[in-house]
Amino acid sequence: MTPLLAVDDLHLWYDADGGKVVRAVDGVSFTLEQRGEALGIVGESGSGKSSLALALMRMLPKNVARFDGAVRLAGRELTPLSDDQFRREIRWQRIAMVFQGAMSVLNPVLRIGEQIAEPLLLERRYDKARARARVRDLLERVGLPAGFASRYPHELSGGQRQRIGIATALALDPDVLILDEPTSALDVSVQAQIMNLLKDLKEDPGISMLFITHDIGLASDLCDRIAVTYAGEQMEVGPAERVLVAPRHPYSQLLLASLPRLHSDVPPRTMPGDPPDLTAIPAGCRFHPRCPYAWEDCLNHPPGIPLPDGGHARCWLNDPVVAGDRYQIQLRPTEAARD
Ligand SMILES: Nc1ncnc2c1ncn2[C@@H]1O[C@H](COP(=O)(O)OP(=O)(O)O)[C@@H](O)[C@H]1O
Ligand code: SF4
Ligand SMILES: [Mg+2]
């Protein structure tokens, strides 16, 4: 079956000071198979997650050094579309996004209803009555009373504003919703409410999601599959449950081991070393300076090595020919997954 979204070898690099180049998205490939599927994009801060989202929305800054790769939506190749075509047919219409820090995206001088209605009036040519009715439906869908349409952003709590961000993104009925750390600024109970809303939207109307987070636990709660991102690359992709219980990449394993655990005497491990400088990415496996298993073969760049569950892991330990005896190393399932 044709995947809903297929991304192949996507690159987004930026020019930086001193003639350097930031390789923020560096050969990323993945698919979102069907309606109602959620893929978690998980990685530390600075690993290129927001850049991936902006590349898919084609919302690029001026200092782009490289932007290429294939993106297909329901089989349609998007790369050849002009910016104008992309704006008219794809962005917000088919692929929409809730931004990191959505709180600051709302216009403080416009009522909530006006903000949600704007694309309906401009893009869909709705008359005012129809737009008002649609705004009511959208508010209800995200769990807010219709009366919120007449409020201003400053009258809303953080969680309510995030719900408005989601309603706005849903206005034109997109197929794919990108959520960039949608709950990171919220306290834990509000975060849980937003996660429940996302689970509902995944079931009905069956929105497909790319859920971006630094929290692998949060991703596994919502997502069917997880893609672990490191230094602009995807290190491991697989079913959420398997990645959580039996990670096949040392970075995934360390991310899991760094989670706090409820019923354990073992303190969480801190990730060794620092995230890499994306202007000077290490040669070979880019995780090698921080990897407890690294050996000389790791100076060769590993491909995504296919795993039996349809996913892949970009680590030589998964290749019996290269790893030899090391192939037996079992990347320990973490206690975090069992808590
Ligand atoms: N417009 C830009 N110009 C130069 N560097 C950028 C730009 N936007 C982001 N970066 C850099 O790209 C890297 C990845 O950033 P980002 O995609 O925001 O990562 P994440 O969302 O995972 O934290 C970071 O090193 C960041 O500083
Ligand atoms: S390829 Fe080598 S350095 Fe990279 S994650 Fe695997 S074992 Fe570690
Ligand atoms: Mg980000």
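Q: Which residues are linked in a network of salt bridges?
A: This is a predicted model, so keep that in mind throughout. A salt bridge here needs a side-chain nitrogen of Lys or Arg within 4 Å of a carboxyl oxygen of Asp or Glu. The linked residues are Arg23, Asp26, Glu233, Arg286 and Arg314.

Q: How many salt bridges does a search of the whole structure find?
A: The search gives 20. Let us take individual pairs.

Q: Which side chain meets Arg35 in a salt bridge?
A: Asp175 does, with an N to O distance of 3.5 Å. Check where each partner sits. Asp175 is in the loop between helix H5 (158-170) and strand S7 (176-180), and Arg35 is in the loop between S2 and strand S3 (38-42). They are 140 residues apart, so the pair links distant parts of the chain.

Q: Is Asp175 buried or exposed?
A: Buried means under 20% relative accessible area. Asp175 has 13%, so it counts as buried. Arg35 has 47%, which means it is partly exposed.

Q: Which residue forms a salt bridge with Arg58?
A: The partner is Asp83, and the closest N and O atoms are 2.8 Å apart. This pair too links distant parts of the chain, 25 residues apart. Arg58 lies in the loop between H1 and strand S4 (64-73), and Asp83 in helix H2 (residues 83-89). Arg58 is buried at 13% relative accessible area. Asp83 is exposed at 55%.

Q: Where do Arg88 and Asp84 lie?
A: Both are in helix H2. They are four residues apart, about one turn of the helix. Arg88 is partly exposed at 42%, and Asp84 is partly exposed at 39%.

Q: Now the ligand. Which residues come nearest to ligand 1?
A: List the residues around the ligand, then pick out the nearest. There are 14 around ligand 1, and Gly46, Lys49, Ser50, Ser51 and Asn63 come nearest.

Q: Which atoms of Lys49, Ser50 and Ser51 lie by its oxygen atoms?
A: Lys49 places a polar side-chain atom 2.9 Å from an oxygen atom of ligand 1. Ser50 uses a backbone N or O atom, at 2.9 Å. Ser51 has a side-chain N or O atom 2.5 Å from an oxygen atom of the ligand. Taken alone, ligand 1 exposes 560 Å², and the protein buries 66% of that.

Q: Which element gives the largest share of the shell around ligand 1?
A: H1 does, with three residues. By class, the shell has five nonpolar, seven polar and two charged residues.

Key: Residues are numbered from 1 along each chain as its sequence is written. Chains are lettered from A and ligands numbered from 1 in the order in which they are written. This is a predicted model: local features need pLDDT of at least 70, side-chain atom pairs count only at pLDDT 80 or more; totals for chains, interfaces and linings use all residues. Side-chain values use heavy atoms; hydrogens and water are left out. A residue is near a molecule or strand if one of its heavy atoms lies within 4 Å of it. A polar contact is a pair of N or O atoms within 3.5 Å; within protein, one must be able to donate a hydrogen and the other to accept it, and residues adjacent in sequence count only if both atoms are side-chain atoms. Accessible areas come from the Shrake-Rupley method with a 1.4 Å probe; for residues, only the protein chains shown count as cover. Helices (H or I, at least four residues) and strands (E, at least two) are DSSP runs, numbered from the N terminus. Ala, Val, Leu, Ile, Met, Phe, Trp, Tyr, Cys and Pro count as nonpolar, Asp, Glu, Lys and Arg as charged, and the others, Gly among them, as polar. Buried means under 20% relative accessible area, exposed over 50%, partly exposed in between (1.4 Å probe, protein chains only).
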